[in-house]
Amino acid sequence: MTKVLSCINLKGGVGKTALAVNLAAYCGRKNYKTLLIDLDPQTNATFSSVGVRRWNDEAKVNGTVADLLGARKHASAHSEDKTASDVIMKDVFRNVDLIPSHIDLFTIDLDLASARFRETRLKNSLKDIIDEYDVVICDCPPNLTIPTQNALAFSTHYIVPVSLDFLSAIGVSLLIKRVEEFGGDLDHELQQAGIVISRVGRPATHREETEASLRQQFGDMVIDTLIHERVSVSKSAQSNCSIFQMSDDTAIQEFSAVCDELLQRIGV
């Protein structure tokens, strides 16, 4: 059974995209066939993986996740809607394919305001190709709007990256509650795979107290290893490669430890 993992938080700037992209790359390096889906209209996961030029060349012709959700009305030469096979960018990392994002997702809630089954469009569009992958990782926008709902609607698990600032941490309980409610509404079981403390080292008030509070409140849900803020993580994104292709051994060790624990938790 394919494991589908959504990376979500209600706040931006918590290292969500870095975790999603490097987890996908790690899975590929472990010889798991992996699909990375960028559902954030800011397209950071897309640009971290392939860069603007390739995205611009291929997305115009083949489409993006916005086509699969119905935010764009592109059609092929045969006047057919775009399919998952059309929009997938192959081999952005070893054993990793990508469904890229698009700025059109910023208005998708308005575009689909009266649409039927709008929360399951992504799931339905992927049903013919999902079995080709061992792992699917969704990078979601920092909200619970239609793109995130579509990710959750077919996910088996979700992870919550969190930075050690007050606003990032305080929303975790609310997020988990809302995700549970959403799964219940769709009669869809979602398992919490873990909370990842990320971007450690950025200026934040009461970091130690925030971490202690998170571990006390959520216990074993919090991953043991911390991911620290490092220049190499930003440089890897700018270079369209993963952290595992950089020369920062400490960063590689941190991401490897986190990824190993997450894969164990989801049964891969």
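Strand E5 (residues 135–139) is mostly covered, with five of its five residues buried; buried here means under 20% relative accessible area, exposed over 50%, and partly exposed in between, with a 1.4 Å probe and protein chains only. Helices (H or I, at least four residues) and strands (E, at least two) are DSSP runs, numbered from the N terminus. The model is a predicted one, in which local features need pLDDT of at least 70 and side-chain atom pairs count only at pLDDT 80 or more, while totals for chains, interfaces and linings use all residues. Residues are numbered from 1 along each chain as its sequence is written, and side-chain values use heavy atoms, with hydrogens and water left out.

Both faces of E5 are covered: Val-135, Ile-137 and Asp-139 are buried on one side, and Val-136 and Cys-138 are buried on the other. In a regular strand the side chains alternate between the two faces of the sheet. Two strands count as paired if DSSP finds at least two bridges between them. Strand E1 (residues 3–7) pairs with E5 in the parallel sense over five bridges, and within this pairing Lys-3 has Val-135 of E5 as its bridge partner. Strand E2 (residues 34–38) also runs parallel to E5, joined to it by five bridges; here Ile-37 has Cys-138 as its bridge partner in E5.

Tyr-32 is placed in the loop between H1 and E2 and is partly exposed, with a relative accessible area of 26%. Leaving aside neighbours within four places in sequence, Tyr-32 is in contact (heavy atoms within 4.5 Å) with Cys-27, Asn-95, Asp-134, Val-135, Leu-263 and Val-268. Val-135, one of these partners, is also the E5 residue bridged to Lys-3. The C-alpha atoms of Tyr-32 and Val-96 are 8.4 Å apart in space, although the two residues are 64 residues apart in sequence. In the loop between E2 and H2 lies Thr-43, which counts as buried at 4% relative accessibility. Not counting residues up to four places away in sequence, Thr-43 touches Asp-38, Ser-101, His-102 and Ile-103.

Helix H3 (residues 51–62) has 12 residues, which at 1.5 Å a residue should span 16 Å; its end C-alpha atoms are 16 Å apart, in agreement with that value. The expected span is 1.5 Å times one less than the number of residues. The buried residues of H3 are Gly-51, Trp-55 and Ala-59. They cover an arc of only 60° around the axis, so they sit on the same side of H3, the arc being that of the directions from the helix axis to the C-beta atoms. An α-helix has 3.6 residues a turn, so residues three or four places apart point the same way. The cover over the buried residues of H3 includes helix H2 (44–49) and strand E3 (89–93). On the face of H3 turned away from the buried side are the exposed residues Arg-53, Lys-60 and Val-61. After H3 comes Gly-63, with a positive phi near 95°.

Aromatic contacts were examined next. Rings of Phe, Tyr and Trp (its six-membered ring) pair if their centres lie within 6.5 Å; planes under 30 degrees apart count as stacked, over 60 as edge-to-face and the rest as tilted. The structure holds two aromatic pairs. Tyr-26 and Phe-244 form a tilted pair, 5.4 Å centre to centre with 45° between the planes. Tyr-26 lies in helix H1 (residues 16–29) and Phe-244 in the loop between helix H12 (231–238) and helix H13 (249–266), so this pair ties together parts 218 residues apart in sequence. Tyr-26 counts as buried at 6% relative accessibility, and Phe-244 counts as buried at 9%. The rings of Phe-47 and Trp-55 have centres 5.4 Å apart and planes at 85°, so the pair is edge-to-face. Phe-47 is partly exposed, with a relative accessible area of 24%, whereas Trp-55 is buried at 14%.

At the level of the whole protein, there are 13 helices and seven strands, and buried residues make up 53% of the 268 residues. Among contacts with a separation of 6 or more, 80% are between residues 24 or more positions apart. The C-alpha atoms fill a box of roughly 60 × 45 × 35 Å, taken along the principal axes. A compact globule with 268 residues would have a radius of gyration near 18 Å, and the protein agrees with 18 Å; this radius is taken over C-alpha atoms, and the globule rule is 2.2 Å times the number of residues to the power 0.38.
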